Every structure is written in structure tokens, then in C-alpha cells.
Amino acid sequence: VTFFFNGGPGSATAWLHLGSFAPKRLVTGVPATTRSVPFAYVDNADSLIDTSDLVFVDAVGTGLSEAIAPHTNQDFWGVDTDAAVLRDFVQRWLAVNGRGASPLFLYGESYGTTRVPVLARLLETAGRAVNGVVELSSILDYNSNCSVMSGAPAVSCAGFLPSYVAVGEYHGLAAAATGDLDADLAAARGYADATYGPDALAWLADGALPPPDHVAALGALTGLPDAAWDAQFDMDYDTFRHRLIAGTTLGVYDGRMAAAVGSALDAQDDPSNSFVEPGFAAAIETVLPGELGFTTPSAYVLSSDAIDTWNFSHGGRSLPDVVPDLSAALSLDPALKILFLGGDHDLITPFHQTELDVARLAPGAPVALHFHPGGHMTYLDDGTRPLMKAELAAFYASASGAR
């Protein structure tokens, strides 16, 4: 049994439900932006239903999930309180449905990848073994992620550089591109770690720019003009996506998706969200009563304002770092396995930042990482989704055995 969680915090799980590995899915055509709403809702050849039962969970205050008096939704809007109530939900669901003996998997996307490590630790602490954790488009440590303070990062953005390279290559602007994206991203990782990272830390410390050839190398790798690096050397994703192509806004969630400034697709300053959100919002309203026969007078909350008042404190810090939660879960259950997935063109939770955070786990930790062309919702890419399905099927086979 797999429990799926989207993120936000404050986002319902309609994105995973309607876009990823359920028996049916929406056809978006991403990264193209030519399809119109409603998106076609089709049988999903890449569904995981042949591997696991699938439970798509809306956290409190999202979807149709609401707190019951005397509680309010706000009572559960925090890293620890959210994970605790979802621990109780998972245990209750397994008990009511007689699935206590089934292999258990947790699948998180975006903030869901912050939620799931805490949830896994709480379940393991409660004596409920978790076979596998899947983390898609991860943000594990808010304290190391330069997108948390977009526009004025206080930490090195080196973990973002390879994603900038991927986006620059996609738009045909990276002079250093070889045509082999995997090889170019491997080189970008090395440059980010050995050269750009130390340069960015020095710039943060005293505002000193590195030698001109370092700036020129960044321009060649990404296509972003040297002047932009001179002005904001520790390059945040927001500056990058607004400066890469003049008069154009690139998507936060998928840097391949672009819109002319002032166009309808640019209205929300994120074409990757503006394009897909109306289709998902419309579809969940028809799938629930039509496909699933579920009716309610309540309005479905695709995205709430929970993030505005969320209690992000965790583990004694004001912002969460859940790498220790993964370490604790692995200590409690050495048979637990973890799979990280993500998109090369995701500008909000870049894949190399995930690699840097995962490297903090103990050597030999049972972790696999796979990244492919795509954005934050990597499964929307029709070329990448079958690759993800194959990797997931292999992961489930390796993690579902006798314990």
C-alpha cells in the first residue's frame, strides 16, 4: 500500500492523483503549452496499480480534509503536528482496511518530501515498519536551500547551478552545451561543487566577484549574460528565470515552459503553474462525483493559504531539516529503502541540491537517486513518466521482500 502526499504546505494531492501513477491520468503535453482545458483523462499505461494499492491523501485543510471541532485546521498546520496527524491516519487506514501485514510505502512530492521523512520516523517509532520512501522533487533542508529566501539568498546556490544549465541548454542559449545533457549536467555538478560554490560563499561574505573567467564560464554554461552574474553572483532561481530570455518569464516548476511578459500565461508570474492548474482544478471537480461517485457540499481546496501561517520549526530549528529524520528512520529500521526522483528542469527544488543533502546520510545508506528531463511534476513529461514507472517498479520489488 502506498500513501501519496503533495506539498505546499497547503496543496491538495490532486496533482499526484490526476497526473502521476493512478489508473487514469490527465494529458497535459508538458512542456508544450498548446493544449486547452479540459485536459483529456485517459487510461494510464504507466500506472502503479499493478504494483501497489494507491491512497492519495489530502492533508488537513486541503482537498476535502477538514479539522473537526473543537480543533481548527490551524491546529495541524506545522511540521510536527501535520506529520503526527498523518501518522494516526495511516495507522487507522491500515487497521480499518485490514492491511496491517501489507508492505507499506510513503510517497512525497515537494513539501511532501519534508513531511514524509518525519512521518516515516514517527511510524517506525510507533512500531509500524515502512518498507520504502519515495521522494519526488525534494526539499529536505530548508536551511541549505537558496530558494527559501528567493531574491536575497543567504546560502550558496551551488545546488541550483546544474538546473540552470539544463534550462539554458533547453532554450538553446548555453554556448558550452555539447548536445549530451547527461554529460553536461555531470560537468555542471563538478563545476558547482569545486568552483561556483566556493565563489558564491566568498561573494556572500564580502561581495567580491571571482576572476572574470569564472563569470564567463557561468555564462557559457547557462546562457545567462555575464552582467546578470555580476549583479547577483549567488544566483537565485527567480532572478535566473526572469533574466535568461529578455521579455520572457520561465516557469518556477518547469524552466522549459515560457511565456511572454504580459501575456495571459504570464498572469501569475509562473507559466508552468498557470498552464496546468486550471485543468487539474476542473478535473478534480468532475472526477470525484463522476469517476469515484463521491459527492459533498464542501468545496475542494486545491491550494490553501496554510503556508502563510505554517509552523516550520522542527528539531530545534526555525526551519526544518529532515535529513536527521531519515537517518533516525534508517536507524530504527535498517531494511527501509529510499528512492529519490526529480526533474532536470525543476527550478524550485533542484536535483543537485537534493544530491548534496542526501550526501549527509551515512555512507552506504540504502538510497537510490534518478533524475530525468522534466520539471517539478516530473511525471507530466510523457518521455520521462515511463522511465519513472520502471524505476519505481524495481524499487518496490527490492523493498517489498520479507523483513
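The secondary structure of the chain in this predicted model comes to 13 helices and 10 strands, where helices (H or I, at least four residues) and strands (E, at least two) are DSSP runs numbered from the N terminus. The radius of gyration, taken over C-alpha atoms, is 21 Å, close to the 22 Å that the globule rule gives for 403 residues, so the chain is as compact as a globular protein of that length; the rule is 2.2 Å times the number of residues to the power 0.38. Residues are numbered from 1 along each chain as its sequence is written. Local features need pLDDT of at least 70 and side-chain atom pairs count only at pLDDT 80 or more, whereas totals for chains, interfaces and linings use all residues, and side-chain values use heavy atoms, without hydrogens and water.

Of the 403 residues, 54% count as buried, that is, under 20% relative accessible area with a 1.4 Å probe and protein chains only. A nonpolar core is a set of buried Ala, Val, Leu, Ile, Met, Phe, Trp, Tyr and Cys residues joined through side-chain atoms within 4.5 Å. The largest such core has 38 residues, of which F3, F5, L104 and L106 touch the most other members. Among the elements that each supply at least two residues of this core are strand 1 (2–5), helix 2 (79–96) and helix 3 (112–125), and the largest share, six residues, comes from helix 3.

Leaving aside neighbours within four places in sequence, L104 is in contact (heavy atoms within 4.5 Å) with residues including V1, F3, V90, L94 and L123. A second, separate core of 36 residues includes A14, L16, V30 and I284.

Methods:
Buried < 20%, exposed > 50% of the residue type's maximum accessible area, 1.4 Å probe, protein only.
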